Each structure stands twice: as C-alpha cells, then as structure tokens.
Amino acid sequence: MRQKIVAGNWKMNTNREEAESLAAALSSQFIGGSGVKMVVCPPFPWIMSVNQLLSVTEIAIGAQNCSGQSSGAFTGEVSASMLASAGVSYVITGHSERRSLYNESDADVLTKTLKILGENMTPIVCVGETLQERESGRLEEIISRQITSVLNGLNKDQIASIVIAYEPVWAIGTGLTASPEQAQEVHAFIRSLISGISGAEVADSLPILYGGSCNPGNAASLFACPDIDGGLIGGASLKAADFISISNSF
Ligand code: PGA
C-alpha cells in the first residue's frame, strides 16, 4: 500500500501569532492512527516553533523551498541541511509559483531535489500544466518534461524516496479544481512515466498527491481515485478544521 499524505502549504501567510495558534489548533484536533501522514509547511521563520507545538502529534514539518547550494555566500538563501537540523522532514520543490515567479527551471528542481534527498528529507516534487498548455494539447508533453527531467537525474533508490504532487496551475488558488477524472488521468500518466524509468514496483509505491483548490468538499471524490494518494493543500490548510477534515477524506 502506498503512503497516504496530506500536506499543507501555508505559502507566505501567517504572522507568528497566527502560525502558532494554527499549530496549536492542529495539535489539539489531531487524532492519529488513521495511517494518513499529515505534513505542514509553514514559512521559514515559524518552522521551529510550529515543530515544537506539533511535537506531541505525528504531524511532520515541511518547508516550502530550499536552496540549490550547500552553504556559503548566498544571501537570503536557506539550505537543505539547515532545514534538516531544524526538524524538517519534507521539502516542496518545483512549485508552480517558484517556477513562474522566480524562474526556477527543471534543472533547478533537480538540483534542489538532490540536496533534499542528501539530507534524508523527502522532496515533494510539483508538476503541472497551465491552462493554455492544456488547451493547446500540450498536457502530456509538459508533464512528461517536468517528470523526466527530475527522474532522469536520480537513481532508482532516490526515485523511490520522493513524493510527486500534480498541481494544474489553473487550479491553484483559483477555486477551480480538476475533476476527479481529469486528475486521475494525469496521475495515471505520471505513474506510467515513473514505471517506464524505474519499473512498476517503484511506480506502484510512489505517492502522487493532487493539489489545486482541494477542500473539505471535494477531497473525498479526488482521494477515491486509484492513483491519487493524497493532497497538497494551500488555502484550506490555513484552517485547522478544514485541513483535518481533508486528511479524514480517504
Ligand atoms: P490551493 O494551493 O490549495 O490554495 O489551490 C495549492 C498549492 O499551491 O499547493
């Protein structure tokens, strides 16, 4: 059985008080034992205090980004090893906001993925097409390029250690969600790409999350699809009750 995962991407939201009260609410509402791995990815400055507040739960801490460099004169950057020593166990890489607003390339995503794996953390590698790419019939070409450019730079053990998130760009923060059929189709395509590169066993074991306006109302129908193993949740992860409800939607 593949690990089911629900990860919350807080993005550049919350001040310290809001972050800590969200973490405290998650801590008090969390009920373990469901087999679903919950992950929260707060902004960098709140990672340590959120980690502390969640230490009584099995909720893991993630980060939203990391540097592709190891250490040194890179003003403003945060390295994978810093995140690991702060208690982070998952790191999002290749999020469409990083790709489009900060010009992160497929090569950057691979570099960061290797840094994250090098610190024994789990990369959540995001892929997804824009509406224009989908409407012009380029969906498979785009997804295939984003997936293969990372997977071709990893060995089989490394591939088996990542998580993929399919996030159609047109569904992120827009209230538009891919239908379960649309999402399942792309998830199955991604799994076939993984299988072609590293074999059916790895492909069958690798969690593929859906992201893009996932909420308590649509999570169950998405998570019921055979190739959807959970979600990467933006807006709805900022409300403890919604995030917990999504994690109970399997
Ligand atoms: P959203 O964001 O749930 O607010 O659409 C998802 C994401 O960007 O990870």
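The shell around the ligand is made of 4 nonpolar, 7 polar and 2 charged residues (Ala, Val, Leu, Ile, Met, Phe, Trp, Tyr, Cys and Pro count as nonpolar, Asp, Glu, Lys and Arg as charged, and the others, Gly among them, as polar). What you have here is a predicted model, in which local features need pLDDT of at least 70 and side-chain atom pairs count only at pLDDT 80 or more, while totals for chains, interfaces and linings use all residues. Residues are numbered from 1 along each chain as its sequence is written, and side-chain values use heavy atoms, with hydrogens and water left out.

**Around the ligand**

Let's start with the ligand's neighbours. There are 13 residues around the ligand, and Lys11, His95, Glu167, Gly173 and Ser213 come nearest (a residue is near if one of its heavy atoms lies within 4 Å of the molecule).

| Residue | Atom of the residue | Distance to a ligand oxygen atom |
|---|---|---|
| His95 | side-chain N or O | 2.7 Å |
| Glu167 | side-chain N or O | 2.6 Å |
| Ser213 | backbone N or O | 2.7 Å |

The ligand exposes 280 Å² when taken alone, and the protein buries 94% of that (areas by the Shrake-Rupley method with a 1.4 Å probe).

**The largest pocket**

Next comes the largest pocket, with a volume of about 430 Å³. On a 1 Å grid over the protein atoms alone, a pocket is an open set of points where a 1.4 Å probe fits, with protein on both sides within 12 Å along at least five of seven lines; lining residues have an atom within 4 Å of a point. The volume is the space filled by probe spheres set on the points, which are joined across faces, edges and corners.

Of its 15 lining residues, Lys11, Met12, Gln64, Arg98 and Tyr102 are the closest to the centre. By class, the lining holds 8 nonpolar, 4 polar and 3 charged residues. Helix α4 (residues 96-101) gives the most to this lining, with 3 residues; helices here are DSSP runs (H or I) of at least four residues, numbered from the N terminus.

Leu110 sits in helix α5 (residues 106-118) and is buried, with a relative accessible area of 17%. Ala220 belongs to helix α11 (residues 219-223) and is partly exposed, at 42%. Buried means under 20%, exposed over 50%, and partly exposed in between, with a 1.4 Å probe and protein chains only.

Each has a partner along the chain. For Ala220 and Ser249, 29 residues apart along the chain, the C-alpha separation is 4.7 Å.

Technical notes. Helix = DSSP H or I, 4+ residues; strand = E, 2+ residues; numbered from the N terminus. Polar contact = N/O pair within 3.5 Å; in protein donor to acceptor, adjacent residues only side chain to side chain.
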